[in-house]
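These are my notebook entries on a structure that was new to me. I record what I looked up, topic by topic.

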Amino acid sequence: MNETIMQSNRSEVTLREITQETVRAICKLLVLESQKQFVAPNALSIAEAYFSEHAWFRAIYSDETPVGFVMLEDQPEKPEYYLWRFMIDSKYQKLGFGRRAIELLVEHVKTRPNATELLTSVVQAEGGPEGFYKNLGFNLTGEYEEEEAMMKLIL
Ligand SMILES: CC(C)(COP(=O)(O)OP(=O)(O)OC[C@H]1O[C@@H](n2cnc3c(N)ncnc32)[C@H](O)[C@@H]1OP(=O)(O)O)[C@@H](O)C(=O)NCCC(=O)NCCS
């Protein structure tokens, strides 16, 4: 696919429910080998979501092409919502899809009860996503969970 056509500002980016027809395509989305330390495989995330009361997850599409996956921990009784998993397939990275998907996620979270903060946690390593999240307005909180640095976006 032509990268110019695939840029996020030239296509409509949407967050879509995963169906019986699309689940295999979403599980085939992959990050680079060097990025596998930063995010679990989508099949594992979808399996975990199936057993969680609080998982909200969607496939990220550019027009009709699946390009990524996002999963939120949605506990409406708490003001902070937690971005649990997030990935853009390596073929579609650096084209603006990650930024657009987070914007759409923020729009969604703002519609949820009591939402004032979006949290995430990152592995702090070369090539990791910390700079990406900083670029989008997240800040390090100084706290760590399971050796991952917590980051927060005020909504
Ligand atoms: C992190 C990730 C989601 C970014 O997605 P993407 O579609 O490539 O990001 P975008 O093209 O929307 O980039 C948005 C901005 O962030 C910057 N950016 C992207 N990745 C970055 C990184 N790893 N470090 C610093 N800045 C980064 C881009 O240069 C761009 O800047 P600009 O708007 O000023 O030009 C993607 O690289 C990925 O899936 N990585 C592997 C999995 C991962 O780390 N997930 C997060 C788990 S917490």
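**Entry 1**

I began with D63, which counts as exposed because it has 12 C-beta neighbours inside 10 Å. For this term I used C-beta atoms placed from the backbone: a residue is buried if 20 or more other C-beta atoms lie within 10 Å of its own, exposed if 12 or fewer, and partly exposed in between. I noted that the model is predicted, that local features need pLDDT of at least 70 and side-chain atom pairs count only at pLDDT 80 or more, while totals for chains, interfaces and linings use all residues. I also noted that residues are numbered from 1 along each chain as its sequence is written.

I located D63 in the loop between β2 and β3. Helices (H or I, at least four residues) and strands (E, at least two) are DSSP runs, numbered from the N terminus. I then looked up the backbone of D63 and found phi near 50 degrees, a positive value in a residue other than glycine. Most residues other than glycine have a negative phi.

**Entry 1: E147**

I looked up E147 next and found phi near 65 degrees, again a positive value in a residue other than glycine. E147 is placed in the loop between β6 (139–145) and β7. E147 counts as exposed because it has 8 C-beta neighbours inside 10 Å.

**Entry 2: The whole chain**

I asked how many helices and strands there are in the protein. I found five helices and seven strands. Along the sequence I read the pattern α-β-α-α-β-β-β-α-β-α-β-β.

I then checked the overall dimensions. The C-alpha trace spans about 40 × 35 × 25 Å along its principal axes. The radius of gyration of the protein is 15 Å, which agrees with the value near 15 Å for a compact globule of 155 residues. That radius is taken over C-alpha atoms, and the globule rule is 2.2 Å times the number of residues to the power 0.38.

Of the 155 residues, 28% count as buried. For contacts with a separation of 6 or more, I found that residues 24 or more positions apart account for 62%. Two residues are in contact if their C-beta atoms, placed from the backbone, lie within 7 Å.

I compared the length of α4 with expectation. At 1.5 Å a residue, its 14 residues should span 20 Å, and the end C-alpha atoms are 20 Å apart, which agrees. The expected span is 1.5 Å times one less than the number of residues.

I asked which residues of α4 are buried. They are F97, G98, R100, A101, I102, L105 and V109. What covers them includes β1 (13–16), β2 (55–62), β3 (65–73), β4, β5 and α5. Leaving aside neighbours within four places in sequence, I found A101 in contact with V13, L15, I60, G68 and V70.

I then looked up the largest nonpolar core, which has 31 residues; those with the most contacts inside it are I60, F69, V70, L72, F97, A101 and L105. β2, β3, β4, α4 and β7 (148–154) each supply at least two residues of this core. β4 gives the most, with six residues. A nonpolar core is a set of buried Ala, Val, Leu, Ile, Met, Phe, Trp, Tyr and Cys residues joined through C-beta atoms within 7 Å. In soluble globular proteins, nonpolar side chains tend to be buried together.

**Entry 3: The ligand shell**

I found 20 residues around the ligand, the closest being F38, Q93, G98, R99 and G131. The elements giving two or more residues to this shell are β4 (80–88), α4 (97–110), β5 (117–122) and α5 (130–135). A residue is near a molecule if its C-beta atom, placed from the backbone, lies within 6 Å of it.

By class, I recorded eleven nonpolar, seven polar and two charged residues in the shell. Ala, Val, Leu, Ile, Met, Phe, Trp, Tyr, Cys and Pro count as nonpolar, Asp, Glu, Lys and Arg as charged, and the others, Gly among them, as polar.

I placed L32 in the loop between α2 and α3. L32 counts as exposed because it has 12 C-beta neighbours inside 10 Å. The C-alpha atoms of L32 and Q93 are separated by 9.9 Å, at 61 residues apart along the chain.

E33 is in the loop between α2 (23–27) and α3 (42–50). With 8 C-beta neighbours inside 10 Å, E33 counts as exposed.

Finally, I looked up E80 in strand β4. E80 is partly exposed, with 17 other C-beta atoms within 10 Å. Not counting residues up to four places away in sequence, E80 touches E117 and L119.
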